[in-house]
Structure formats: C-alpha cells, structure tokens
Amino acid sequence: MPEIWLNYGSTDVVLDIMAENLEQKIDSEGKTLQDNEITEKLEKLNLFGQTDMVVLHNSRSVQKMLNSLFTLCEQKSIQAPRILADPEILGAVRAGLPAGCQTGEFEAESPDNLVFVSEVEFDGLFGYETTATRLIRRFGAEAMLSAYAKRQGNQPAPGHRTESLEEAKKFADRFEIGAIEIVANSSGMTDIVSGHPAKTVSAADMLESGSIRDAGQHKSVIVSTGKHSSNDTLARSLQSLWNCAGAVRKDGLAVLVAECGGGLGSEALRQYVEGRLSAGQLQSPARYVDGMEGLLFLSEARKNFQIGLVSVLPEFYSKKLGFVPLAGVKYSMDYILKTQGARQKVAVVADGARLLLR
C-alpha cells in the first residue's frame, strides 16, 4: 500500500491508499538551486544596504533566501536588514532566521520605501500571485474593485496574463518600492528575481515553465496545497483548488486537504456564512469586499463538481459554503470509495499552490 504524505498546516498527514486506487501522484518538479547558486544570484541582485524587508508570504524557500542573504551580509561585514512581517506570521518568520536578526511587526499604512519578499504562486483572479498582487489586495481597495471588474468571466484563470494583473502592476507602479520574488517547487528554490514589483512579474514566466502539467481529466482528485503558508486559511487554500479544477471531470469530486488554522481568511467568506453577503451580489458590486472572487469562483465550481474539505473549520462553515466536511484524510478516501465506487482511481496533487493542471 503506497503512503503519500500531504501537508496539513504545520505538519504532514499520511494518505493510505491501495495501489489499485491510485491513478497518479502529481507533484511539482524541476532543477533547484544549490547553495552556491543562491549566493551568486543574491550577489548579482545587489540587495545590500536595505534597512527594512517585509515578508509578505512565509515559506521554506523564503526563509532559505533570507538566511543566505544574512550569511552574505556577515561575510561582507554589512549590516543585515531588519525583517518585518504581519503579527500572524511573525513568530514563524522569526523562528526560521539566524539568531540575532532584527525583526518587527509590519504596521505601515503605505508600502513606500520598503522591499517586499514573497514566493510566486498561481492565482484565480490575477493569473499569478506576485508582490504586486499582494500589495493591491492590502493597500488598494479601490483599485481592487477595478481588478475584480476585469476578471475573466466568473471562472478562475490561474496561469493567464489577465487584465486584473495589469491593474496590480499599475497600482504597484505608484510607489518607490522593491520586491524579491522567489520561484520554488516542492524541493526548493528554482530562481530569484529582484526589482520594482511592477517589473518582477517576469518571475511568473519562470513559475509557469516548470509548474504546468497536462494531467488529463479525473473523476476523483485529492488536493494538498503543499505548504503551511498556502493553507493557513480557507481563502488561501482555495487557490490550490482553482489550480487543479481543470483536471476534475464534470460531476466529479475534488477533496481539498487544508488545515485552515487561521479560519476563513477573507471578509467575503465571513459575510457569506453570516448571511450578510449573497451570491447574487458578486456579479457587479459597488465596492470590493476582500476575498469576493474566491466566493464567486466557489459558487461556480460547485455547479461542475462536488468539493470535499478536510480542515479544522467548524462543520457549519463548511456546509454553509457547500463543501462536504470530512473528518480527516482517511475519511476522504472512505468517502470517495463509498460514493464513486470501490474501484475508483484517484489522482493525488501534492503541491497544489505551485502546480497548474490543464
């Protein structure tokens, strides 16, 4: 019996699946950078002399880059930058840094004069999630309304150069800021791009070159996001579902394995489960509500296939949003075999945040 380990919050859980039920395991792949290659890239990017860097998205690859940068600063006798992060991830960021690194909470109301660090992923609204898209979500409520209005219909469009992405680039171009975009797979870092976030969107090309799979259509798919930072909330986790939706057959079943320890993660999802926002209000809203696109895409996806959810969210939330709540990974396989048949073949996606199935 194959054992497949899937990320679930800060730990991994094992999926026990009979060999005859495993159709294929789909993971990200590609050549990763060695330590000396990371050092060479950092030296060429001329990142020294920065006083503050803001971590927008924490992952092992982000921590690896920061550690390599601190080592370089030490070797060159240059003061290392102070690392800032939101309170909810600051502890994890701090734990991954060398002793003695200066850290603090990110509380700025404007992104000006800062350098932002994040890992590139796919995104249902923008096509790609980059520093520019993270900044427009955080600082540009009015610009987000325009970006939302320019979405590609009511279906997610990961891996596409969307008009919404152009809105994010225009927003970022207003500020004197820098970005360090990290491209990674499940094994490690594959590239680093630095510059103004309106220009570093080129990192999306590097993600695309190693992360798009022609996986065919499957009746049953189990999706893990691949890393804690991409399943800390339901809103974040849904991105992995959109990345894999193209591989789920009409009337099939997708099971999302995502701890969601931080809860729902968006105002739109919260308002919906509380009855303050309806699906009918998502088409042409007068104002943008954080996470509105996730709710819209979810309402459309449920018309095409069933969605199971393995998480710590209250069952009330899961059912209200149209998920089949499942108590654990074992129960997800039991549910698949019960509803789809004992001989059902299951595709397993181990790194949904960084993979795009078409």
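A disulfide, in this tour, is a pair of cysteine sulfur atoms within 2.5 Å. The structure is a predicted model, in which local features need pLDDT of at least 70 and side-chain atom pairs count only at pLDDT 80 or more, while totals for chains, interfaces and linings use all residues. Residues are numbered from 1 along each chain as its sequence is written, and side-chain values use heavy atoms, with hydrogens and water left out.

**The cysteines**

Under that cut-off, a search of the whole structure finds zero disulfides. Select cysteine 244, which is in no disulfide and whose nearest cysteine sulfur, that of cysteine 260, is 15 Å away. Cysteine 260 is likewise in no disulfide, the nearest cysteine sulfur being that of cysteine 244 at 15 Å. With buried taken as under 20% relative accessible area, exposed as over 50% and partly exposed as in between (1.4 Å probe, protein chains only), cysteine 244 counts as buried because its relative accessibility is 1%, and cysteine 260 is buried with a relative accessible area of 2%.

**The sheet**

Next, display the strands; helices (H or I, at least four residues) and strands (E, at least two) are DSSP runs, numbered from the N terminus. Six strands form an open sheet of mixed pairing, in the order E6-E5-E4-E7-E10-E11, where two strands pair if DSSP finds at least two bridges between them. Strand E6 (103-105) and strand E11 (188-195) are the edge strands, each pairing on one side only. On average, neighbouring strands of this sheet are turned by 25° against each other, direction ignored; axes here are lines fitted to C-alpha atoms, for helices over the stretch in contact, and angles run from 0 to 180 degrees between N-to-C directions.

Now select strand E7 (residues 115-119), where five of the five residues are buried, so the strand is largely enclosed by the rest of the structure. Val115, Val117 and Glu119 point one way from E7, whereas Phe116 and Ser118 point the other way. Strand E4 (residues 52-55) runs parallel to E7 and is joined to it by three bridges, and the bridge partner of valine 55 in E7 is valine 117. E7 also pairs with E10 in the parallel sense, over five bridges, and the partner of serine 118 in E10 is glutamate 181.

From glutamate 181, step across to E11, where its bridge partner is valine 193. Strand E10 (residues 178-185) and E11 run antiparallel and are joined by seven bridges. Helix H7 (residues 203-211) packs on the sheet, touching E10 and E11, and its direction makes about 5° with that of E10; contact means heavy atoms within 4.5 Å.

**Threonine 131**

Threonine 131 lies in helix H4 (residues 131-139). Is this threonine 131 buried or exposed? Threonine 131 is buried, with a relative accessible area of 0%. Not counting residues up to four places away in sequence, threonine 131 touches Leu56, Phe116, Ser118, Ala179, Glu181 and Pro197. Its C-alpha atom and that of glutamate 176, 45 residues apart along the chain, are separated by 13 Å.

**Helix H2**

Finally, select helix H2 (residues 60-75), whose 16 residues should span 22 Å at 1.5 Å a residue, which agrees with the 23 Å between its end C-alpha atoms; the expected span of a helix is 1.5 Å times one less than its number of residues. Buried residues of H2 include Ser61, Val62, Met65, Leu69 and Cys73. Just after H2, serine 77 takes a positive phi of about 55°.
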